[in-house]
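Please read the following walk through a protein model alongside its sequence and coordinates.

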Amino acid sequence: MSPIQAGPRLLLKRMREIMVERISAQARLDKLVGHIASNMVAEVCSIYLAKPGGVLELFATEGLNKSAVHKTRMKLGEGIIGDVAQHARPLNLSDAPAHPSFSYKPETGEDPYQSMLGVPILRGGSTLGVLAVQNRTHRHYGDEEVEALQTVAMVLAEMVVSGALVDLGEIDAGPKRDRPWRGQGVSFCEGIAMGRAVLHEPRVKVEKLIADDIGVERLRLDRAIEELREAIDAMLAAEDNVITGETRDVLEAYRMFAHDRGWLNKLRESVTTGLTAEAAVERVQNDTRARMARQTDPLLRDRLHDLDDLANRLLRHLTGKADTSAHETLPADTILFARSMGPAELLDYDRTKLRGLILEEGSPTSHVAIVARALDIPLIGRIEKVLDQIEPGDWVIADGDTAEIHLRPAHDVREAYRHKLALRAQRQATFAAMRLQPANTKDGEHVRLLMNAGLIADLPHLEETGAEGIGLFRTELQFMISSQMPRLVDLVDLYRAVLDGAAGKPVVFRTLDLGGDKVLPYARPLVEENPAMGWRAIRMTLDRPALLRYQIRALLAAAKGRDLDMMFPMVAEVAEFKLARTLVDRELERLARTGVVPPRKVRVGTMLEVPALAFQLPALLGTADFISIGSNDLMQFFFASDRGNPRLGGRYDLLSPPMLNFLKGIVEAARARGVPVTLCGEMAGRPLEAMALIGMGFRSLSMAPASVGPVKQMALTLDVGRLASFMAGLYDRSDHSLREHLKQFAIDEHIIV
Ligand code: PEP
Ligand code: MG
């Protein structure tokens, strides 16, 4: 048995005693190195700590020249000590001078020592320094010894950050969570919020590192692992009919790691060295984080991140705090922080207290982003390592307009944002004051301003904005945020609640628009070369009519005795529309047969977002009850320009002669036939674009709730007659864009765009 096997527990105990002795910090350090050296049967033990600027300094030694303490320094990466710190992993060398990184420091007097074991002093993903032992002989330190020294280094890390060994101002103790920090991410949802930080998954602070009874700790660890496995199995089982998806991948990874022998052995070994179960988890987690920092392959980094998350979960099981913060008492202005989050998890929070969401990951099309938009809170994603920087309760400014966040902002930054928020509030107050005013232009034309929605959470915006109704209710969102296929009764309840919430204002339900970027968490994502032009929306639902009929049935049931407006997405030809319409007729016949009360009136319309459909207008206008133009998709198909490709972002302009001519043709034909036409793509919500649409002849626009005020303000300052005459001179121009001409018109005419 090597001497160290007998000793780590004893050593940890001794370390604890040294910590409470009434001696100076340096004396403590000196005692510690002495005890570690003798426990490890080493002639030398040294502690190097990182100073600001990436320099490592010898803080204490047993065996080397004491005069070198606070004098010997090396850069990160320099020498063996610098190498251990830079790569955050141990180096175990029986012939240290032969190692390529070896660099001789004469003042230390280390010439006679041949072997060396150096381990990083890690804490929360940061390297605080290096702990090293040396021997004269060509000694090979065994695995248990390496393990033991790492355990000692972890306890040392805690002692360092407690301030009991050094003045914290002197060293680089990892991210300082006490000073202002600014981060830049990607904005997934605009708006500005100021409030207090809440961690979605509370961080567990390990208070006790050294075990009183190893047997007890072993049992606690095993019990927590068992609980963790059961919790993961339950999460996977709760998604019974889930086939695959991102969430499932992560859960599967968790399950794999939770049964991974390597991981479990490491945890158990750490407990055996004398740590509490919590400290053992943290100790192994330190290694994971160090590996994560070194890893450049994004896929492997993701997996290490999953392993890190799993360790957090295990810690929460150990401390009996397995829940998220959703049901904790929240500050009145909560800014929520998470690595990533599912939509249902976000909806679990008290809406009245939620002001913003910050994620380390995420994407603009992710489902949680859709929910954040419905809740009208700023969401900034892809802020690397933000969780390392934040302390619960910290002041936070989340600026979704510039995609920046400020943690613990300085007084002047806070004041600047207070000012910004006040200005926004003033603008909101102006819009709120216009809420009940009809959107009539100066020359008396009424423009119907409707809003887009997709969740129950959107409904209060109807009242707040004064929108005349919901011009587009995207029904797929409910399917996307559930972990399983919603049941018929749930759909009926939801659609009924939407109609109730709309309180007599019209609502246009769009049937499922799935496929492309809209993927169900419980459906196998299809691998298609060109998903935007693939098997999506009406194409999918006509091939699988059961799903569409199921949805139509729910809509008819929810609207009984009331008006029902519904439309189909991505219709490319009239024949498709007719086919979809027969499904509605069949469901209506079914209702009649069973004697159930049908809706008072059912109007069936279509989205127009595939250019081909516009070349069948006479036939279409003879059969559709209304048309809604989806300019988001229409634009990408019209210009053959992917709507999600950033390289093509500004390449073509909607306000260009071809697009304006195309839209004008549709609106004129529809008006001539008396068929209502609305435009519900993003362009309807931008005041300058909305102005051009009104100039072309549109009198019904549907937009994000936040756009209703600005567009109404524009309409109230507009003379359509003058605009139409001005635009008459634009259609035949050959410019790339007509934007500047339209902007100039707005300036000359004092139109607020
Ligand atoms: C559109 O394409 O313009 C539209 C409104 O539909 P979505 O954005 O849901 O594809
Ligand atoms: Mg669309």
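Leucine 608 lies in strand S19, where helices (H or I, at least four residues) and strands (E, at least two) are DSSP runs, numbered from the N terminus. With a relative accessibility of 0%, leucine 608 counts as buried; buried means under 20% relative accessible area, exposed over 50%, and partly exposed in between (1.4 Å probe, protein chains only). Residues up to four places away in sequence aside, leucine 608 touches Leu613, Ala614, Leu617, Leu620, Ile627, Ser628, Ile629, Gly630, Leu634 and Ile666, contact being defined as heavy atoms within 4.5 Å. One of these, isoleucine 666, is 58 residues from leucine 608 along the chain, and their C-alpha atoms are separated by 9.6 Å.

Some conventions apply throughout: this is a predicted model, in which local features need pLDDT of at least 70 and side-chain atom pairs count only at pLDDT 80 or more, while totals for chains, interfaces and linings use all residues. Residues are numbered from 1 along each chain as its sequence is written, chains are lettered from A and ligands numbered from 1 in the order in which they are written, and side-chain values use heavy atoms, with hydrogens and water left out.

Next comes the metal site. Which residues coordinate the magnesium ion (ligand 2)? They are Glu609, through OE, and Asp633, through OD, at 2.1 to 2.2 Å. Donors are N, O and S atoms within 2.8 Å of the metal (3.2 Å for Na, K and Ca), and water is not among the atoms, so sites may look incomplete.

On the scale of the whole protein, the secondary structure comes to 27 helices and 22 strands. The C-alpha trace spans about 100 × 60 × 45 Å along its principal axes. The protein has 753 residues, of which 53% count as buried. Of the contacts between residues at least 6 apart in sequence, 67% join residues at least 24 apart.

Two helix pairs can be followed in detail. Helix H6 (residues 214-237) and helix H8 (residues 261-272) have axes that come within 9 Å and cross at roughly 155°. Axes here are lines fitted to C-alpha atoms, for helices over the stretch in contact, and angles run from 0 to 180 degrees between N-to-C directions. H6 and H8 are therefore roughly antiparallel to each other, given that angles under 35 degrees count as roughly parallel, over 145 as roughly antiparallel, 65 to 115 as roughly perpendicular and the rest as oblique. From H6, Ile214, Glu217, Arg218, Leu221, Asp222, Ile225 and Arg229 meet Leu264, Leu267, Arg268, Val271 and Thr272 of H8. By class, this contact of H6 with H8 has six nonpolar, one polar and five charged residues; Ala, Val, Leu, Ile, Met, Phe, Trp, Tyr, Cys and Pro count as nonpolar, Asp, Glu, Lys and Arg as charged, and the others, Gly among them, as polar.

In the second pair, helix H24 (residues 687-696) packs with helix H26 (residues 720-728) at an angle of about 85°, their axes 8 Å apart. That angle makes H24 roughly perpendicular to H26. Met691, Ala692, Ile694, Gly695 and Met696 in H24 meet Val720, Leu723, Ala724 and Met727 in H26. The residues of this contact divide into eight nonpolar, one polar and no charged.

Among individual residues, glutamate 158 is found in helix H5 (residues 143-161). Is glutamate 158 buried or exposed? Its relative accessible area is 16%, so glutamate 158 is buried. Apart from neighbours within four places in sequence, glutamate 158 is in contact with Arg123, Leu209 and Glu282. Lysine 321, by its 51% relative accessibility, counts as exposed, and is found in the loop between helix H10 (298-318) and strand S10 (334-338).

Finally, the backbone. Most residues other than glycine have a negative phi. Valine 41, in the loop between helix H3 (25-39) and strand S1 (44-51), has a positive phi near 50°. Valine 41 is partly exposed, with a relative accessible area of 43%. Lysine 385 also has a positive phi, near 55°, and its place is in the loop between strand S12 (379-381) and helix H13 (386-389). At 47% relative accessibility, lysine 385 counts as partly exposed.
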